[in-house]
Each structure stands twice: as structure tokens, then as C-alpha cells.
Amino acid sequence: MAETISMPKLGFDMAEGTLVHWVKKIGEEIGQGDVLAEIETDKATVEVESPAGGVVRLHLVDEGMVVPVGTPIAVVGTADEDVSAMDVRPNESAVPVGDAGGEPESASSMGAPPPVTPDINYGDRRIKASPLAKKIARDKEVDLSAIEGTGPGGRIVRRDIEEAYSAVGRPAAQTESVQPEVIKKPQDKIVTLTRLRQAIGRRLADSKQQAPHFYLTHDYKMDALMALRKQVNGMLPDGEKLSVNDFILKATALALREFPNLNASLDGDTIVQHGQINVGVAVTVPGGLMTVIVKDTDQKSLRQISQEVKSMAERARGGKVKPDDVEGSTFSTSNLGMYDVDEFIAIINPPEAAILAIGSAQQVPVAAEGEIAIGWRMKATISVDHRVSDGAEAAQFMQALAKYLEEPLRLMV
Amino acid sequence: MSRITMREAISQALWEEMERDPSVFIMGEEVGVWGGTYAVTKGFYDHFGPERVKDTPIAENAIIGGAIGAALVGQRPVAELMTINFAFSAMDYIVNQAPKLRYMFGGQFRVPLVIRAVGGGGRQLGATHSQTPDVVFAHFPGLTVVSPGTPEDAKGLLKSAIRSDDPVMFIEHATMYQVRGEVPDGDYLLPIGKSKVQRPGNDVTIVSYSKGLELSTKAADALAKQGIEVELVDLRTLRPLDMEPVITSFKKTNRAVVVEEGWKSYGVGAEVVSRIYEDAFDYVDAPILRVAQKEVPLPYNRTLEQAALPQVEDIVAAVKEVLR
């Protein structure tokens, strides 16, 4: 009858041992009391004797493996009996020892890596601030790099942030003189620019200065689109309904197919007309705005576009935007229709060639067959870099866009 | 209320508890006929007799071991260690027997023992008679460690310790017996394991106990004259350690100093500061400093002894540093 041999407890507080070396190989004869294997504990390497005699039939543990005391490590029996039932290998908690030696902990016994907290270090310069100051800075969205620290070693402490915030200095603790009654004047509030604000400022200031912008406005007949949207949304569950902007994004993308020169970037003295059409959508986030991008907008369905924009916008607002969400746009759009803006002019996102600013869709009096009627109209204004394109092309693009917006079934095919 | 000394407060607590409960008795070196080396038990022997005020041999392990035995069979011994430095002769009894018997016997036995021990330096008694090894005892679960800093706390806490069914190490300070304070008359108890704000303030928190409390109070007075309002939190009990008033205070002031007479390394401050960082990290406006004894065996020479012990100026300097 074959016998299973387990990792022996070789010391009072031994919990696990390393099978360093099989002295008897599989198939070798072994007498009771003969050395079967060398086992290493954290105190020493010990020659372990086999409690049974016979033939070594199975090694259940490989050389170098660490297993807990009591784990089956070998089977000794007669040369030909069936030992398949005893062929039980230890589970994955036993991890092979590397060359470094010692006892590695199993993956399950290691704690999760410490959570990475967002770093309040800007660039290479380490900002010294007390934990309290950092907390206040986080809560009030204050940029610590703009604050002078007066603590030891230039450490920023709470009072530094408080002073940066208020124009009123701290009253001296020792003064006992009576303050005359003064009528309080309204105080200025000093707000330090966040990193996002600074970045937006830099890029768009460059854009406005470098790119010779020109602008065209086109008033779109939105009746068919509004009706189609109503119909389609009637069939969609709550939370998945399409917005007017979803339609506009698709329409823009399809129109850009016909005008590759507006789906382009200026690169020195060459114009790169992009193969992909990735339309960007401006999203308001705390402290500024971000442009999230729908890749291959022309090839996606309205529902897909809608879902993608919703999830990317949510990520952006929550500060969890992925790099992929905001890189690679070939044409941008911005929609202020929800704020009742009739029309506006946007600044091109460099290095793109153009940006489309969309106003609100509203019901207005219109001329129809010589009569006054009520119709849905929406103004969109395109800003174009005159180094890349000119008025006629831009105007024709806006006409092409009309095709898709005013005959919205085209968006479905 | 009466204005009495720490000695009188402790003496009153012992007397009242012995009158109240016949199972309470005192044992220790010179506690009976002599009346106690610090005169705490003066008059007890004549009133309560040798059965209840027992003079022992100079054998701390026998004192504590015997007290544990008495406690196990239902008495309430108050054993005295003439100085806490002698506790090391009875270490196994104090940390291995008394606090663990209840657990290891599965609750079949309780050990309602109080060990009164006198600690601290400043009387030129030499290195082996001047230590403040409080943390050594506070390290062990199962052992309650109390160390009052005012007469009112001393009386109320000693009564609670005597009435507790578990072993309590009650640490007094050799140079504080004549400190006076307001103490309620008659019977009253104070809760073991509760820290107390002894003095409110808004600018900085000082955490201390026993002698450190006395020094910190003087430091707070000096700082108040310079416009700095110190909030003084008295731990009163080292185990179990009540951090709640400490954290509440720290969240208000954001800056703290811990004062102890023991050595800084591995001391009370090390524990208190760790817990503040753990529980109030976002409220830390400056590193928390510890004022403690210099890392030397305490000298016999008077000047050197004072140089090694923490002083009021050290506390004032630490507070100023922490407010920088």
C-alpha cells in the first residue's frame, strides 16, 4: 500500500519548508529511514528520512518549491501499484523559490500595493507643504506652486494659504488697542489659476495669435432632424436617448468626408489631410473645459456616438479622463445651445484647421412659400484657419453640412 | 472640596477603600510600622493592624507573587513597590502572571491587584533609582497602567483601581507628593482609561501626564504671557490609551508637543505621535515634537541630573519650534 509523505514539521515554529533537493529520484528504491530529500527551513537545511520503504513513485513538489508543513510531497510504494489517486499536487499558493533564496511570500499573502495618491508635485520641483496645507489646497483647488511657504525650510503651511486667499492680514495676537468702528469694504477674492486653466489659456492664446481666423455662419433648418430625433428617442430607453448634438456630430463627420481639407492639420508648410475623421466635443469640467474625441465618427452609429460622448464626458467631469479620450482629434465642435446662445465664435484648437460652434435650436418665425410659419432653426458658425482653407471652401462645407442636418435620414445610411 | 497634597489624596483613597471593603489590604516594604517611605501609609498600621497593613521582606518578587496569590483567592491587595525601579525584580509576576492569568484560565480567576509604584527622578537617587519605565509596563495587554498628575485624579483613579477586578499598575511620582490641588471630599470615582483636557487653548496641543503635566502647566503659564494659548491634554492612563481628546484637540490646533519624563526612544511620545499621524494626518501642519529625558542613565550629580531631565524651558522651546 503506497504511502504519502508530507512536509515534516522540523521545528517548533516551522510553518513551511523548501524542498531543496530530491535525494531519491522517481523509480529509485528507498529503505525506511533512508534520506529522501533535503528540506530547508529558515534555520537550516535538513536531510529528511523516509518513513516508508519501497520505491519512490511520485514527487508531488518540484525542487525549489516552498510548501506549508503537512503538504504531501512524495509517494512511496511498490513498483507497480496504481498511485494515480495519490497524485495530488499542492495548489498555486506554493511559489517556486528564485535564486535570491529565502522564503518568498505567496502572491496571496502580499498586501495590495499602496494606493497611488495623486501627486501634488509639479514637474521636477518638489513642493514642501504640510499635510494640512495639502488638504486645504485640494479642497479649495488652490495651486500650491503659486504659494510662498513661510514654515521651516520654506514649507507651505495653513497660514500661507489663508493669507494667499484673503487680502486681509492676520490680526496681531498681542494687540490690545481698541479698533475704531470701520465700515467693511467688499474684499477682492484672489483665485490662483489651476493647471488646466493655464493650459487652456496658453494654447488658445497661441491659436488666436498665430492662426488667421475667419468665420462663417449658416442657419440650419432643423425641423426634420428634431422630428426624427423625437421619433427615435421614443424607441430608446431612458439614459440612452440621443441629443441634438449627437446628430450634429455625425452630420459633421459625414460632411467632412467630402471636405478633407477641413479635416486637416497645419504642419509648418504642409497640410496633413487626416485619413480618420475624429470629431472632438467640448465638455465643461470643473475649472475649465476639455475636448473629448469620438474616433471614426463618420463610421459610428448615432447610438454609439451618443454613448461614447456620455461616458467620456462623465470621466472628464470626474477627473478620470483617459489619454485616449482627449488625443487625436481632427476637427472640433462646441455646443452652447443648452445655454440659449444663438450663435458664437469659437477659437480653433491647434493644430486643427477649423472648429464648429453650435448655437441653440429654437422655434422661430420663418418664411415658407411666401407665408410666415414657425420652424426650427439653428445657427452654426465655423472658424477656419485661412492658412489652410478659404471662404468658398468653408461655405461649401457648411452647405454640405446642411444636406445632412436638413435631410437627417442620410445619417442613418 | 479641600486643597490637599498628592500624598494626602492617595492616603485618603487607601484609607477610605480599606474602611469600605475588608478584603482590601496593603503590603510592601516599610508600609506598616514605618508608615511608608513617602509617608503615604502613616497611621494605617495603628488603625488597621498587621493583618491589613503587612510589612514584607525586601523581595519584590515575593511581594507581587504573594499579592497575586491573595488576589486569586478573592482578596484585594494593594502591593507597594518602594520604587518602580524595583519592579524589575518582580517582572515575571508583573507582566507574565498578573495580566495573563485571567486570560489563560479562561476567566475562571480574576486578579484584582493594585501595584502602587513610585517612579521618576530629580532627587539624586542615582541611575538605578530614578527611572521612568512606564512604557515598559504599558506595553503589555492585560495590565492597566495609570499615572495621575493631580491630587484629584490620584484619589479618584486609585479608588477605581482598587475596585477594578483586573491588575492595575498605579504609578506615582517621587517629587510630586507635596503638589497641592482641589480634591472633592469623601467618596468619588474617576474613570480609568480616559484622558482629560486640563487646560483649554487654541494655538498648540501639549499631551502629557504625571510629572510632565506639572512641567507643561508651568510652560503653558509662561507661554500664555507671550500670547500663546496651550491646550493641555492629560493622558492619566497609559493603558488603555484614550486618544480621543488628543485628536479632537489636535484637529483644532494642528500642532502638538508630547512631554514625558521617560526617554524619548520607544516612549509614550512615540506611541501618541504615531496615533496622531494615523488618525489625523490631514490635520498636521507641523511635525509633532517630543520632549523627554536625555538618552543617558540619570546622573547622580545634581546639575547633571537636572540637565538630563526635561525642564520647563525645553517644553517652551519645543512649542515655539512647532509653531514656526
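**Close-up views of salt bridges**

**View 1. Glu321(B) and Arg324(B) pair up in a salt bridge.** In this predicted model, the closest N and O atoms of Glu321(B) and Arg324(B) lie 3.3 Å apart. Glu321(B) is partly exposed, with 37% relative accessibility. Arg324(B) is partly exposed too, at 46%.

**View 2. Seven named residues of chain B share one salt-bridge network.** Look here for Glu16(B), Glu17(B), Arg20(B), Lys155(B), Lys159(B), Arg163(B) and Asp187(B), which are joined through salt bridges with shared partners.

**View 3. Glu17(B) meets Lys159(B) in a salt bridge.** Here we step in on one pair, with an N to O distance of 3.1 Å. The pair links distant parts of the chain: Glu17(B) belongs to helix α1 (residues 6–20) of chain B, while Lys159(B) belongs to helix α7 (residues 151–163) of chain B, 142 residues apart. Are these two side chains buried or exposed? Glu17(B) is buried, at 0% relative accessibility, and Lys159(B) is buried as well, at 1%.

**View 4. In chain A, Arg315(A) forms a salt bridge with Asp325(A).** The closest N and O atoms of this pair are 2.8 Å apart. Arg315(A) sits in helix α6 (residues 302–317) of chain A and Asp325(A) in helix α7 (residues 323–326) of chain A, ten residues apart. Arg315(A) is partly exposed, having a relative accessible area of 24%, whereas Asp325(A) is buried, at 5%.

**View 5. Salt bridges across the whole structure.** How many salt bridges does the structure hold over all chains? There are 37 of them, and the pairs shown above are among them.

Technical notes:
Residues are numbered from 1 along each chain as its sequence is written. Chains are lettered from A and ligands numbered from 1 in the order in which they are written. This is a predicted model: local features need pLDDT of at least 70, side-chain atom pairs count only at pLDDT 80 or more; totals for chains, interfaces and linings use all residues. Side-chain values use heavy atoms; hydrogens and water are left out. A salt bridge is a side-chain nitrogen of Lys or Arg within 4 Å of a carboxyl oxygen of Asp or Glu. Helices (H or I, at least four residues) and strands (E, at least two) are DSSP runs, numbered from the N terminus. Buried means under 20% relative accessible area, exposed over 50%, partly exposed in between (1.4 Å probe, protein chains only).
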